[in-house]
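Me: Here is a model I would like to go through by question and answer. Please keep to interfaces and helix packing.

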Amino acid sequence: MSSATDSRAGTRRAVVGAIAAAGLASAALLSAQGQLALPGLDSLELLARFFSHALRPALDYGSPFVPVGAPPLLLQVATATWRTVQLAVAAMSLAVPVALLLGFAGASAWWRLPGPGGRAVLRRLGPLVYAPARVVMTLARSVHELLWALLFLAAVGLSDTAAVLAIAIPYAGTLGKVFSEMIDEAPRDAAVQLTGSGATAAQAFSVALLPRALPDMAAYSFYRFECALRSAAVLGFFGPETLGKFIRLAWNESLYAELWTYLYALFALIAVSDMASRALRQRFLGETPAR
Amino acid sequence: MKMSAEELRRTRPRSRLLRTAAWATAALVVFSWMGGDFGLEQLSGERRLANLERFTGELRPWPVQQQGGFDAGSTADWQTVYDWAAALMADGGSTALASTAAIAVLASVLAALVGYLACWPAARNVARPAPFFGGPGVADRRPGLRWARWAWSVLNHSVRALLLFARAVPEYLWAFLLVESLGYTALPAVLALALHNAGILGRLGAETVENMPPAPARALAAAGASRSQTAAAVFPGLLPRLLLYFFYRWETCVREATVLGMLGVLSLGSLIRDARAGNLYDELFFYVLLGALLVLAGDLLSALARGLVRRA
């Protein structure tokens, strides 16, 4: 065994050790604050009552107090599910184009392609474009979508349009950041060859660099759509009539059977989008994005 | 053989799946925008704009507002802002910051422990009578192994289904259900975050195990190593990948830990919620910025650690 292998294993061991130490320190801090106290028996009973309804979700209203003119439960569930999809799709349809623009601007591969004449100017100007783009993306994604929703709620009220924006802003930041990383990480050999034989930077970029990053970018967008579905569902807690709203209402009224119906609807939604996006991803690359 | 560009274009490989998907996506986007109650007037309108103006005005620190903003002739200076911020930090801000970070760290460590244990039975090349043979292994086909095959398949599918359910439910929703039933402490928040992320790490871990080069594991299994011995032996080779996944999930844990506080658990989110309830928009904005800083610090740490792991 060479010493290089030893030091590699040493680094890994150090990283794992640091993670374990951080985990222990966090547990110590939280328990010093009295935050890790074990729950009492009665709260476990509540949880047990909730989980005991898992196998018998409601197909119709269980409570005698159903508002007059309320649609059948299953129709209500279907409407909430469609609302969730609608919000997620609308948000993604805004986030992806913006993220493409930001991602291209934020990538540095574009500015660093070698080539004849004039390129020195580009190289000097590059940071003036990609630095601001990266700052915008960082600001957008470091505030969680629920906090964006809260800010909108306080500023102009959380209408459907504001809810779409609350998801679209941080998602554009995240997508843009990952897009720019993918463009920068795409293999550059073909682009270098092309510029070497006289292609302009724009030609080399669009023919030899971008096509190699596109499958990854598409796969990642599908994955983020799945995340957007979850975000849209949760945003229901703040007003929009998505699955989250009805889950909270059902919990507050202790209607556990109905709650499970909504939970299963969310589960089915995620499972379907997961399967569809996996089929498409395998077409492109056969791997799951981790980010 | 020579082909014109036109011929090349006509004979290019096409995928029906991709075309259908493209059309379906376009249709879904159109339906979503048309079917919804969306409109820019929901963001404008006289009352809303007045509200927005009041809101942006109240984002400035309260003492600054009292002293007439930052305009000429005002007595407010950066010292005022600093004192205000320091007071907020002393008054619960730093405690909440620390507990937010602790929730995120503890949750991601627990998620990794559970997820990276569950990934073994969830991997198709491990959960079978003759593990690590890759594909339909020869040894699996013996008739005496029918029951064993069935039992492994049941185990494999139930672990996969559990992981799928754990990650399909958003962490905020898990936290809502657990916090409401177990009480307003960090424990349910940590469990909720860990549950969702264990689902994700378990799935990613299973894929890593399934995609590893099969030769070393096969050699070990053929030499008589047990399933767990083989797993332990190949684990260090998978570690860099698993660590990368861990750090990506840790980034999202930091983001989520802030927000989970809005359910009443002590973290930055609870301060944000309280500030919102009291219409203290300057404090709300301060805590949102503090959360963003924490996210930035988390991302930075993760990027450094990932660089270390990649180079190692």
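Me: How many salt bridges does the rule find across the interface of chain A and chain B?
Reply: This is a predicted model, in which local features need pLDDT of at least 70, side-chain atom pairs count only at pLDDT 80 or more, and totals for chains, interfaces and linings use all residues. Residues are numbered from 1 along each chain as its sequence is written, chains are lettered from A and ligands numbered from 1 in the order in which they are written, and side-chain values use heavy atoms, without hydrogens and water. A salt bridge is a side-chain nitrogen of Lys or Arg within 4 Å of a carboxyl oxygen of Asp or Glu. Across the interface of chain A and chain B, the rule finds three.

Me: Which residue forms a salt bridge with Arg141(A)?
Reply: The closest N and O atoms of the pair are 2.7 Å apart. The partner of Arg141(A) is Asp299(B).

Me: What area do chain A and chain B bury between them?
Reply: The contact (heavy atoms within 4.5 Å) takes 80 residues from chain A and 81 residues from chain B. Buried area is the accessible area (1.4 Å probe) that two parts lose on being put together, summed over both. Carbon and sulfur atoms carry 72% of it, and the value is about 7300 Å².

Me: Are helix 8 and helix 9 of chain A roughly parallel or antiparallel to each other?
Reply: Helices are DSSP runs (H or I, at least four residues), numbered from the N terminus, and axes are lines fitted to C-alpha atoms over the stretch in contact, with angles from 0 to 180 degrees between N-to-C directions. The axes of helix 8 (residues 189-196) of chain A and helix 9 of chain A come within 8 Å and cross at roughly 170°. Angles under 35 degrees count as roughly parallel, over 145 as roughly antiparallel, 65 to 115 as roughly perpendicular and the rest as oblique. The two helices of chain A are therefore roughly antiparallel.

Me: Why is helix 6 of chain A oblique to helix 9 of chain A?
Reply: Helix 6 (residues 145-155) and helix 9 (residues 201-235) of chain A have axes that come within 10 Å. Helix 6 of chain A is oblique to helix 9 of chain A because their axes cross at roughly 40°.

Me: Which residues of helix 6 of chain B make the contact with helix 8 of chain B?
Reply: The axes of helix 6 (residues 146-168) and helix 8 (residues 186-211) of chain B come within 7 Å and cross at roughly 135°. On helix 8 of chain B the contact includes Leu195(B) and Glu210(B). On helix 6 of chain B it is made by Arg160(B), Leu163(B), Ala166(B) and Arg167(B).
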